[in-house]
Amino acid sequence: MTPIDYAVAAGGAALIAFILWYFLGGKAGGHEHVHEPAAAREVELALGGLHCPSCLLAIERNWKRVEGVREVSGNFDTGRATITYDPSAVSVESLVKKVEDLGYTAAPVVAEGGEQAGHEMEDEVAYLRLRLIVSVILTAPVLVLSMGLMVKPPNPLVWVEFVLSGVVLFWAGWRILRSAWGAARNRASDMNVLIATGTLAAFVYSTVAAAMSLPHVYFESTAVIITLILIGRTLEARARSHTSDAIRKLLDLQARTARVIRDGEEMDVPVEEVRVGDLVRVRPGEKIAVDGVVKEGSTTVDESMVTGESIPVDKQPGDEVIGATVNGSGSVVFEARKVGKDTMLAQIVRMVRQAQASKAPIQRLADVVAGYFVPVVVSVAVAAFAVWFIFGTVSEAITAAVAVLIIACPCALGLATPTAVTVGTGRGAENGVLIRSASALESAGKIDTVVLDKTGTVTRGQPAVTDTVAGILNQVQDDELPPQDDEPRLQDDEMPPQDAELLCLAASAERASEHPIGQAIVRAAQERGLALDEPSDFEAMAGGGVRAKVAGRAVLVGNARLMNENGVDTSALDARIAELESQGKTVVVVSADSSAVGVIAVADTVKPGSKDAIAALKRMGLRVVMITGDNERTARAVAGEVGIDDVLAEVLPGDKAARVAELRAQGRRVAMVGDGINDAPALVEADLGIAIGTGTDIAIQSADITLISGELSGVVTAIELSRATVANIKQNLFFAFVYNTLGIPIAAGVLFPPFGLLLDPMIAAAAMAASSLSVVSNALRLRGFRPRGGA
């Protein structure tokens, strides 16, 4: 080794030490806060100028170094970041300034808009396309001169290469250089640092070589690398524009105008001007503008775009309607209850945005690797240069160093998880499954036990008449009733006159009752079109039933204890009562003038899709448990009907969370599915909380996943989607790790001794661009996800 070789080796070692110290020595996850603020604030920023996930990672690291920043979560695909911060220690303006220091742009998101998101991506694609076209036009003659005509110094045409490649580097690639300088200046590191270092090294060396008439110049490598990078980023941007298609489709569902009734006059106004309390008329085929309650008219509404359910829903006065759904053939007037950001559509969009901005636990490894990736790669490039300089030629040293810098791709690592999460949560929203976070999306696939609350989850949560028995012989069993849609219906030709008379008598007595069982009896009679009498001397007896006079007859409707207390003999009906009760039904006896005239059975009927959904969960290898406060007999009857073997009965509301905790203590990974206020603690206790969208707000707020339609098939969809997404992420990470693990050593020249192969930087650039594009393309396969095991 010559003294120059020793000097290069020493200089390389010193440079590597400096690089590692500069980029890694100053890393800080954040500051220790000396005080705890009263309340933190949250701001969402739209980021501009991002080229790859490592750009976003550099921004996040810069924010985390700022005192007062609590939490940072961003998504490269959506170009959004959410920051939780202490307003007494840091301002939004200073957070924006931190982004601008790195060479990017940032602005607070003031409102959701489908057009805004679409225009941002269109502008990005247009920006890249223009620079790509110019870059291709200028790079072509450079290639002809260098590789076709083999122009070398001192031929003056070399300076034509210098000018053309300079325009490509400093104009078409300006954003790359600017971002790299911003990152390096702030001791951050991203993909742009690698590209800028490699292309500038090749360009500067070539300029010096041309001036000194040295034989080797690399102007064509500089131009081709930038061009290939632009090709990859243009294709990637076009592909990424589809990752948020679900959000744009949801936003596009919003009606543009509404026909409101004010001061007795109808007028069309922009949907943004609809106020709470406004009366809104919806004509056949029109979109419903905002959320509200029907006041006049009846119709059917297609809610598939929000709930994922294809069957239109009947709407009568008092029923709720959802904004962005489509009215059927009827005309209705509804009162606006929720407008603007409070509508269900706005909440869905907001929840999906939050999920896409969050990070899945599986992404942590990729983030850690990416954080150290760039400094390590630059160090490898320096080492490759030194080794090739000592044992090879200057030309080989430059080729190896530039190839290492260019082929390394932290973008593939950074894209692996967020792109799949963005597509996955969007597909979930399209199927009526709202996923609150990337962590919830990942957790759903690891669940092995699903605990279902009975009332309102497995069942409708509303009692309905299932059997009427007039005397002993005349009876209608629930398997003779017609198929149930929204409510069980008792049809004229399926009920003997004696049963109709019995139902009419009981319903007339119950007209003034507020008890759910009494209301179910009245509802059944009204659906059959029975004419009810007005009761007199009505009296409700707590825990027993009601007493009233109907058409001059003294009527009792209640349980056996009420009958015994009033001297009514029910012995002739006892066998039928026992049979119905064994099926888990609540039985009321009807007596007239102290004689038992029949019984009516009431039960909380099972939702139509529950049995199929539970069977699908079991086929997926999951243990299904039903939890309820009902007695063991009723619980077993319902469980048997839907195919559940494990039942936790007579569980008090406050003990549901404890039962879930017991399952988790057994090593089970538990998902809790519920809809009521008393389910909220259990939803929080479980590894995964799933709320029925038709349930209470507190249950929905406590859950990780919300099923808009309220059907259990959504649980199957959520778990299938999670498994598909996690599998996709693992495929992406595997490819990204394998690509970089193999690509960097090959670029450094490990194949040269056995095969004489030294990778050209232009081929390295093509491989790098292809790696990112392949990860995005694989993630986009999730757009074709279709639930298989649901109803």
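1. Helix 2 is largely enclosed by the rest of the structure, because eleven of its twelve residues are buried (under 20% relative accessible area, with exposed being over 50% and partly exposed in between; 1.4 Å probe, protein chains only). The buried residues include Pro 53, Cys 55, Leu 56, Ile 59, Arg 61 and Trp 63. Helices and strands here are DSSP runs numbered from the N terminus (H or I, at least four residues, for helices; E, at least two, for strands).

2. This is a predicted model, in which local features need pLDDT of at least 70 and side-chain atom pairs count only at pLDDT 80 or more, while totals for chains, interfaces and linings use all residues. Residues are numbered from 1 along each chain as its sequence is written, and side-chain values use heavy atoms, leaving out hydrogens and water.

3. From its first C-alpha to its last, helix 2 reaches 16 Å, close to the 16 Å expected at 1.5 Å a residue (the expected span is 1.5 Å times one less than the number of residues). Helix 2 (residues 53-64) lies across strand 1, strand 2 and strand 3 (80-85), and runs at about 170° to strand 2. Axes are lines fitted to C-alpha atoms, for helices over the stretch in contact (heavy atoms within 4.5 Å), and angles run from 0 to 180 degrees between N-to-C directions.

4. Which order do the strands of the four-stranded open sheet take? The order is 2-3-1-4, with antiparallel pairing (two strands pair if DSSP finds at least two bridges between them). Strand 2 (69-75) and strand 4 (105-108) are the edge strands, each pairing on one side only. On average, neighbouring strands of this sheet are turned by 25° against each other, direction ignored. Strand 1 (residues 41-48) is joined to strand 4 by four bridges, and Gly 48 stands opposite Thr 105.

5. Strand 15 (residues 449-453) has five of its five residues buried. Thr 449, Val 451 and Asp 453 are buried on one side, and Val 450 and Leu 452 on the other. In a regular strand the side chains alternate between the two faces of the sheet.

6. Strand 15 pairs in the parallel sense with strand 23 (residues 623-627) over five bridges, where Val 451 stands opposite Val 625 and Val 450 has Val 624 as its bridge partner. Strand 15 is also joined to strand 25 (residues 670-674) by four bridges, again parallel; there Val 450 stands opposite Ala 671.

7. Strand 23 has four of its five residues buried. Strand 23 also pairs with strand 24 (residues 646-648), in the parallel sense, over three bridges. The chain passes from strand 23 through helix 22 (residues 632-642) to strand 24 in a right-handed β-α-β crossover (with the strands pointing away from the viewer, the path from the first strand over the helix to the second runs clockwise).

8. Helix 18 (residues 516-527) has twelve residues. Its buried residues are Ile 517, Gly 518, Ala 520, Ile 521, Val 522, Ala 524 and Ala 525, and what covers them includes helix 17 (497-510) and strand 20 (553-558). Gly 529 follows helix 18 and has a positive phi, near 80°.

9. Phe 785 lies in the segment after helix 28 (761-780). Phe 785 counts as buried because its relative accessibility is 9%. Not counting residues up to four places away in sequence, Phe 785 touches Arg 427, Thr 717, Glu 720, Leu 721 and Ala 724.
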